[in-house]
Amino acid sequence: FISFATGSSWGTWAIMMPLAIPMAKELGISIPLAIAAVIGGGLFGDHCSPISDTTIMSSAGAACDHIEHVRTQLPYGLTVGSSAAVGYLVAGITGVDLIGLLITPILIGIILYVLNKRSKLRYNIQ
């Protein structure tokens, strides 16, 4: 939420890393998992934010409408972000980082496969 609101992944990392690492250590959570969550969450919010400098520069560089660019990026960001959230949840419940690391790309692959099949049916592509 911080990186979406500010449009800055680096600013989010600067705010959240000093909070996440001691909290993970105190609660017995995997520190690499906490660091990955901060980095991934910061990039997710930055990528989806309409006020992010990279989003503004990308739409300006491509000479396309800014809001249209944001709208086209949201499905990608939400697909990866929701898959990562499930991976973090599974890793947190099981306590095994590797399981979350494996589930996330598998889930992304399943979502992309389903969306591909759905679009082919929708547009009658063989």
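A: **A loop serine and its surroundings**

Not counting residues up to four places away in sequence, S8 touches S3 and D46, where contact means heavy atoms within 4.5 Å. The model is a predicted one, in which local features need pLDDT of at least 70 and side-chain atom pairs count only at pLDDT 80 or more, while totals for chains, interfaces and linings use all residues. Residues are numbered from 1 along each chain as its sequence is written, and side-chain values use heavy atoms, with hydrogens and water left out.

S8 belongs to the loop between α1 and α2; helices (H or I, at least four residues) and strands (E, at least two) are DSSP runs, numbered from the N terminus. With a relative accessible area of 24%, S8 is partly exposed, a class that lies between buried (under 20%) and exposed (over 50%), as judged with a 1.4 Å probe and protein chains only. H47 stands 39 residues from S8 along the chain, yet their C-alpha atoms are separated by 9.0 Å.

S8 also caps the N-terminal end of α2, through a side-chain oxygen that lies 2.8 Å from the backbone nitrogen of G11. This is a polar contact, that is, a pair of N or O atoms within 3.5 Å; within protein, one must be able to donate a hydrogen and the other to accept it, and residues adjacent in sequence count only if both atoms are side-chain atoms.

At M16 the helix α2 bends by about 40°, and the proline P18 follows within four residues. The bend at a residue is the angle between axes fitted to the seven residues ending there and the seven starting there. Buried positions in α2 are S9, T12, W13, M17, A20 and A24, and their cover includes α1 (2-6) and α3. Just after α2, G28 takes a positive phi of about 75°.

Helix α3 (31-48) is in turn one of the elements against which the buried residues of α5 pack, together with α4 (53-61) and α6 (97-122). The buried residues in question are H69, V70, Q73, G77, T79, G81, S83, G87 and A91. Helix α5 has 29 residues (66-94) and should therefore span 42 Å at 1.5 Å a residue; its end C-alpha atoms are 41 Å apart, in agreement. A kink of about 30° lies at Q73, shortly before the proline P75. After α5 comes G95, with a positive phi near 80°.

T55, which is in α4, counts as buried because its relative accessibility is 3%. A polar atom of the S59 side chain lies 3.0 Å from the backbone oxygen of I56. Beyond its neighbours within four places in sequence, S59 is in contact with C64, D65, H66 and H69. In the loop between α4 and α5 sits A63, which has a positive phi near 55° although it is not glycine. Because its relative accessibility is 71%, A63 counts as exposed.

The largest one has a volume of about 740 Å³ and 30 lining residues, of which A37, V38, G40, G41 and G42 lie nearest its centre. Helix α3 gives the most to this lining, with 12 residues, while α1, α2, α3 and α5 each supply at least two. A pocket is an open set of points on a 1 Å grid over the protein atoms alone, where a 1.4 Å probe fits, with protein on both sides within 12 Å along at least five of seven lines; lining residues have an atom within 4 Å of a point.

As a whole, the chain has six helices and zero strands. Buried residues make up 25% of its 126 residues, and its C-alpha atoms fill a box of roughly 50 × 35 × 15 Å along the principal axes. Of the contacts between residues at least 6 apart in sequence, 49% join residues at least 24 apart.

Key
Expected span 1.5 Å × (residues − 1). Points joined across faces, edges and corners; volume = space filled by probe spheres on them.
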